[in-house]
Amino acid sequence: MSGAHQIHFRGYHDDWELECAVQDTFIQAFSATARQSYDGINPFGPYIKTIARNRVISNLRSEQREARRRRELSAQPPREPTTTPEREAMQKQLRQLVARFVGGLPGPYRQFYELRYGQDLNLMETARRLGITRMKARIREQKLRKRFLAYLRHRGFGPGQAALLLSLLLCPGG
């Protein structure tokens with residue numbers, strides 16, 4: 001045995017999540033900011049374990065916030081739709097706008113959109129189904145949002161309108 005130790009963090013449900021967490025930890029540990037803040041005098045092991053611990057805590061908090069949000073949404077009574085012909089026409093146009101945007105996406109982004117927003121999967125499950133890390137999924141999500149905002153700006157929407165339409169992109173059932 002080479003003297004390696006196994007560390008187990010509670011909160012990861014399977015090997016895939018743990019592998020993503022380890023990769024995210026090393027990405028963060030070797031980022032320019034982290035390399036500059038590490039003094040090189042103290043042992044590296046405790047330093048990287050601290051980064052890993054903080055990532056675990058951050059991920060657990062994120063999952064708790066998402067679970068709380070879903071519970072709150074499911075506990076709310078369904079709202080009575082107040083539809084008018086004008087509102088229905090506007091909603092139809094907005095759905096078409098989002099559908100054209102999604103239809104014009106390259107395959108990986110379209111697949112990401114369908115899993116993340118069409119099937120309402122969380123980021124980790126979306127990453128798992130795509131066979132990518134959680135960090136790559138997060139980056140893909142950020143790029144998708146930027147693409148949509150650029151798409152809207154190109155079509156003459158202002159910043160306030162673009163933010164509203166971005167929320168429609170992220171809630172396609174509405």
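Is Glu-125 buried, partly exposed or exposed? Glu-125 is partly exposed, with a relative accessible area of 22%. Here, buried means under 20% relative accessible area, exposed means over 50%, and partly exposed lies in between (1.4 Å probe, protein chains only).

## About the model

This is a predicted model, in which local features need pLDDT of at least 70 and side-chain atom pairs count only at pLDDT 80 or more, while totals for chains, interfaces and linings use all residues. Residues are numbered from 1 along each chain as its sequence is written, and side-chain values use heavy atoms, with hydrogens and water left out.

## Overall fold

The protein chain has 8 helices and 0 strands, and its elements follow the order α-α-α-α-α-α-α-α from the N terminus. Helices (H or I, at least four residues) and strands (E, at least two) are DSSP runs, numbered from the N terminus. Of the 174 residues in the chain, 27% count as buried.

## Salt bridges

Side chains of opposite charge can pair when their charged atoms come close. A salt bridge is counted when a side-chain nitrogen of Lys or Arg lies within 4 Å of a carboxyl oxygen of Asp or Glu. The whole structure contains 5 salt bridges. One of them joins the side chains of Asp-24 and Arg-55, at 3.6 Å from N to O. Because Asp-24 sits in helix H1 (residues 15-29) and Arg-55 in helix H3, this pair ties together parts that are 31 residues apart in sequence. Both Asp-24 and Arg-55 are buried.

Another salt bridge brings together Glu-141 and Arg-116, at 3.0 Å from N to O. The pair links distant parts of the chain, with Glu-141 in helix H7 and Arg-116 in helix H5, 25 residues apart. Arg-128 is partly exposed, at 26% relative accessible area.

## Aromatic pairs

A pair of aromatic rings is described by the distance of the centres and the angle of the planes. Rings of Phe, Tyr and Trp (its six-membered ring) pair if their centres lie within 6.5 Å; planes under 30 degrees apart count as stacked, over 60 as edge-to-face and the rest as tilted. The structure holds 9 such aromatic pairs. In one of them, the ring centres of Phe-44 and Tyr-47 are 5.8 Å apart and the planes stand at 40°, so the pair is tilted. Phe-44 and Tyr-47 both belong to helix H3, where they are 3 residues apart, about one turn of the helix. Phe-44 is partly exposed, at 31% relative accessibility.

The rings of Phe-101 and Phe-148 form an edge-to-face pair, because their centres are 4.8 Å apart and their planes meet at 65°. This pair links distant parts of the chain: Phe-101 is in helix H4 (residues 85-103) and Phe-148 in helix H7 (residues 134-154), 47 residues apart. Phe-101 and Phe-148 are both buried. There is also one aromatic cluster made of Phe-26, Phe-30, Tyr-38, Phe-44 and Tyr-47.

## Surface patches

Patches are made of residues with over 30% relative accessible area and no salt bridge; like charges are joined within 9 Å, and nonpolar side chains (Val, Leu, Ile, Met, Phe, Trp, Tyr) within 5 Å. Accessible areas come from the Shrake-Rupley method with a 1.4 Å probe. Val-22, Phe-26, Phe-30 and Phe-44 make a nonpolar surface patch of about 350 Å².

A patch of positive charge gathers Arg-61, Arg-65, Arg-68 and Arg-71 on the surface. Lys and Arg count as positive, and the place of an Arg charge is taken as CZ. Arg-71 is found in helix H3 (residues 44-75) and is exposed, with a relative accessible area of 51%.

## A backbone detail

Finally, have a look at Asp-120, which has a positive phi of about 60° although it is not a glycine. Asp-120 sits in the loop between helix H5 (107-118) and helix H6 (123-130). At 45% relative accessibility, Asp-120 counts as partly exposed.
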